[in-house]
Amino acid sequence: MKKRLYDYTLWNLFLLTIGAGFITFSVQNVAAPHGFLTGGIMGVSLLCTYITGDFMAATTWNLIFNIPLMIFSWFNVSRSFVIYSIYGTVVMSLWGPVLNGIAVPIEEPLFACILSGVLYGVGCGIMLKTKGSSGGLDFIGVYINEKWGIQVGTFSFIFNSVVFSASIFSISLDLIIISFIQIFIVGQVTNYVVGMFNERKMIVIITNKGHELCHAIAKTGGRTTILPAYGGYSHESKEIVLTIISKTMIKTMEELVFRIDPSAIFSVEDTFYAVGGQYRRISK
């Protein structure tokens with residue numbers, strides 16, 4: 001089978017390096033000068049530091065929290081995912097001294113919040129399009145996405161909302177509100193970037209001519225699954241046809257479906273991760 005660009009180690013390392021640069025610049029050069037809170041596991045680490053005082057540095061807390069997450073991902077997600085994510089985490093620390101001293105001439109906190117959120121979201125999205133991630137919360141986010149279909153950016157926003165709410169007694173309310181805006185932007189941009197470069201879409205077709213559609217799709221080289229169903233109101237027998245295609249084939253698939261069954265219902269859904277069959281699995 002022909003190797004895709006995604007399969008090459010150097011390409012993954014390149015994207016992880018670029019994504020790590022975006023995240024480091026966002027935190028170090030935009031967010032930190034304005035005193036914003038960071039999200040994810042680092043946010044939890046900072047909260048622990050605020051609560052315990054000088055008992056332990058935030059970076060030490062962050063390492064402690066990341067170790068069990070790495071072990072969990074090693075057995076439940078992918079070993080290569082953990083290895084690439086460790087690389088991404090290390091590269092972020094290496095970007096620090098490289099980007100140190102670059103001033104961003106933004107004085108308005110709201111504007112800095114928007115810029116920081118966009119840069120962080122772009123970095124996370126780029127790193128999640130590799131075989132790794134930026135580490136931390138992404139270890140759990142990817143697992144939850146595979147298990148229950150919750151988008152990584154959405155899970156990140158929910159998690160950070162809980163963390164920021166818990167820090168209301170340690171941080172000023174103005175700072176918490178600004179940080180909420182930032183993590184909301186991060187979540188939305190992350191989802192957008194991941195979806196923008198997503199090559200595969202899942203097609204859901206509700207029809208009376210399932211076998212005819214499957215036969216026609218098979219002629220194009222596609223594979224399908226048929227599920228029996230019935231109308232919730234009419235109780236009329238229906239068939240649900242599922243198939244996964246590249247996003248460039250959506251319009252062609254739509255025309256094929258309605259040529260065979262004009263009364264069909266045609267739905268397109270994002271697929272963050274598709275393996276099995278003609279889609280090769282990332283080895284653990």
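Tutor: Let us begin with aromatic pairs: rings of Phe, Tyr and Trp (its six-membered ring) pair if their centres lie within 6.5 Å, and planes under 30 degrees apart count as stacked, over 60 as edge-to-face and the rest as tilted. The structure holds six aromatic pairs. This is a predicted model, in which local features need pLDDT of at least 70 and side-chain atom pairs count only at pLDDT 80 or more, while totals for chains, interfaces and linings use all residues. Residues are numbered from 1 along each chain as its sequence is written, and side-chain values use heavy atoms, with hydrogens and water left out.

Student: What makes the pair of phenylalanine 81 and phenylalanine 139 edge-to-face?

Tutor: Their ring centres are 5.9 Å apart and their planes stand at 85°, so the pair is edge-to-face. Phenylalanine 81 belongs to helix H4 (residues 79-99) and phenylalanine 139 to helix H6 (residues 137-148), so the pair ties together parts that are 58 residues apart in sequence. Helices here are DSSP runs (H or I, at least four residues), as are strands (E, at least two), numbered from the N terminus.

Student: Why is the pair of phenylalanine 155 and phenylalanine 159 called tilted?

Tutor: The centres of phenylalanine 155 and phenylalanine 159 are 6.2 Å apart, with 40° between the planes, and the pair is tilted.

Student: Are phenylalanine 155 and phenylalanine 159 buried or exposed?

Tutor: Buried means under 20% relative accessible area, exposed over 50%, and partly exposed in between (1.4 Å probe, protein chains only). Phenylalanine 155, at 15%, therefore counts as buried, whereas phenylalanine 159, at 25%, is partly exposed.

Student: How do you know that the buried residues of H10 are on the same side?

Tutor: In helix H10 (residues 250-260), Ile250, Met253, Leu256, Val257 and Ile260 are buried. They cover an arc of only 125° around the axis, which puts them on the same side of H10; the arc is that of the directions from the helix axis to the C-beta atoms. On the other side of H10, Lys251 and Arg259 are exposed.

Student: Why is H1 called roughly antiparallel to H5?

Tutor: Helix H1 (residues 9-31) and helix H5 (residues 109-128) pack at about 160°, with their axes 7 Å apart. Axes are lines fitted to C-alpha atoms, for helices over the stretch in contact, and angles run from 0 to 180 degrees between N-to-C directions. Angles under 35 degrees count as roughly parallel, over 145 as roughly antiparallel, 65 to 115 as roughly perpendicular and the rest as oblique, and H1 is therefore roughly antiparallel to H5.
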